[in-house]
Amino acid sequence: MARALADFRVLLLDQRGTGRSTPVGPVLPGESASDQAEYLTHFRADSIVRDLELIRAELGVDRWSLLGQSFGGFTSLTYLSLAPEGLREVLITGGLAPISNRPVDDIYAATWQRVREANERFHDRYPGDRDRLRAILNRLDAEDVRLPSGDRLTSRRFRQVGMWLGSSSGFERLHQLLELPFGSPAFLHDAQSASGWERNPIYATLHESSYADGQATRWSARRLAPEDAVRGDLLGAEHVFPWMWDDYAGLRAHRQAAELLAEHRWPSLYDVERLGRNDVPVAATVYVDDVYVERAFAEETARRVRGLRAWVTNEYAHDGLRADGERILGRLLDLVRGRA
């Protein structure tokens, strides 16, 4: 923020369905599942971009600079596809999505491989934690352990603590959790807060759709899941499964809509031809060991967006902007303005 304020007036936008933009909890109570699902189709990046264009026009801004982290980067690519005339320059961190109608199964196969590699790096750093993890999973299968929310802590839910493996301090957070006394208040609190699925329910319900560029997802992460991610000790990351709408109380209102959306054929998010003719300056980070966004696909996208300058680095995890924002933002500004 300090680096941004040196150059910009900063506007922080809560995308539709989150923050103060009418957060989505239970969807249209009393309405049919099909009506609920149809309502949720209006919360993807294409709708968000149209919201941003309305805000830009309301403020009387000719062109503005855009910074997008992770899904914000995906949305930035959609913005460049739909309304580049509103953009002065675009900075993307950890968010170069595949843009060429790549099958969603290719994407999730790659993310499972990346998270497997992250699991191995974690156990190399903390070799004693594999036995601790297996003991916890076995106890969760055998015992009815309740979280502060009242939900049962199942072994499949606990495997989702692997979400931390994609962040800068995640290995240490996971190690600390595994060392806590099983069933203690600290253990249960940290296990409950390990993922943000329930804070914004559309995160889970619409997650796979963010990769659905003209296709249906049909629970891709579940179909591509390795056996040891289902019954073994492989921790997953940003992977959604149908059982989550049972194990997380905050998601249950979306269960039927989520099932319908998994079969929904989503429209395309990107105009590849327009991106190939792009004339808006763009700079982006590509993180070598990103657990959430596949490096090979990100580099492919960087080559297909005309004028995009990529900084490929192994210095940061997916949340590099949070870990060292001043340096990352400064370098991207230098790249996009031709100073580096």
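Figure 1. N200 is buried, as its relative accessible area is 17% (buried means under 20% relative accessible area, exposed over 50% and partly exposed in between, with a 1.4 Å probe and protein chains only). The residue belongs to the loop that links helix 9 (185–192) with helix 10 (202–205); helices (H or I, at least four residues) and strands (E, at least two) are DSSP runs, numbered from the N terminus. Leaving aside neighbours within four places in sequence, N200 is in contact with G17, T18 and G19, where contact means heavy atoms within 4.5 Å. This is a predicted model, in which local features need pLDDT of at least 70 and side-chain atom pairs count only at pLDDT 80 or more, whereas totals for chains, interfaces and linings use all residues. Residues are numbered from 1 along each chain as its sequence is written, and side-chain values use heavy atoms, with hydrogens and water left out.

**Figure 2. The loop residues R218 and W219.** Both R218 and W219 lie in the loop between helix 10 and helix 11, the latter helix spanning 220–224. Most residues other than glycine have a negative phi. R218, which is not a glycine, has a positive phi of about 50°, and W219 likewise has a positive value, near 55°. R218 counts as partly exposed because its relative accessibility is 41%, whereas W219, at 6%, counts as buried.

Figure 3. E263 is exposed, with a relative accessible area of 51%. Not counting residues up to four places away in sequence, E263 touches A216 and R218. P267 is partly exposed, at 44% relative accessible area. With residues up to four places away in sequence not counted, P267 touches R44, D46, A212, D213 and G214. P267 and S209 are 58 residues apart in sequence and 9.9 Å apart in space, C-alpha to C-alpha.

**Figure 4. E294 and its contacts.** E294 is placed in the loop between strand 3 (282–287) and helix 16 (295–304). Its relative accessibility is 9%, so E294 counts as buried. Residues up to four places away in sequence being left out, E294 touches A110 and R114.

**Figure 5. Packing of helix 5 against helix 6.** Two packed helices are described by the angle between their axes and the distance between the axes. Here the axes of helix 5 (residues 104–125) and helix 6 (residues 129–142) come within 8 Å and cross at roughly 115°; axes are lines fitted to C-alpha atoms, for helices over the stretch in contact, and angles run from 0 to 180 degrees between N-to-C directions. On the helix 5 side, E120, F122 and H123 meet D129, R130 and L133 of helix 6. By class, this contact has two nonpolar, one polar and three charged residues (Ala, Val, Leu, Ile, Met, Phe, Trp, Tyr, Cys and Pro count as nonpolar, Asp, Glu, Lys and Arg as charged, and the others, Gly among them, as polar).

**Figure 6. Nonpolar cores.** A nonpolar core is a set of buried Ala, Val, Leu, Ile, Met, Phe, Trp, Tyr and Cys residues joined through side-chain atoms within 4.5 Å. The largest has 80 residues, and those with the most contacts inside it are L77, L96, L153, F158 and M244. Helix 5 supplies the largest share of this core, eight residues. Another core, of 12 residues, lies apart from it and includes A4, L91, A283 and L335. Beyond its neighbours within four places in sequence, L153 is in contact with L140, V145, L147, F158, F187, L188 and A191.

Figure 7. Rings of Phe, Tyr and Trp (its six-membered ring) pair if their centres lie within 6.5 Å; planes under 30 degrees apart count as stacked, over 60 as edge-to-face and the rest as tilted. By this rule the count comes to 14 aromatic pairs. F182 and F187 form a tilted pair, 5.3 Å centre to centre with 45° between the planes. F182 counts as partly exposed at 22% relative accessibility, while F187 counts as buried at 0%. W311 and Y316 form an edge-to-face pair, 6.3 Å centre to centre with 80° between the planes, and both residues are buried. F71, F74, Y108 and Y211 form one aromatic cluster. The charged end of R331 sits over the ring of W311, 4.9 Å from its centre (the criterion being NZ of Lys or CZ of Arg within 6 Å of the ring centre and within 35 degrees of the ring normal). R16 lies over the face of F43, at 5.9 Å from the ring centre.
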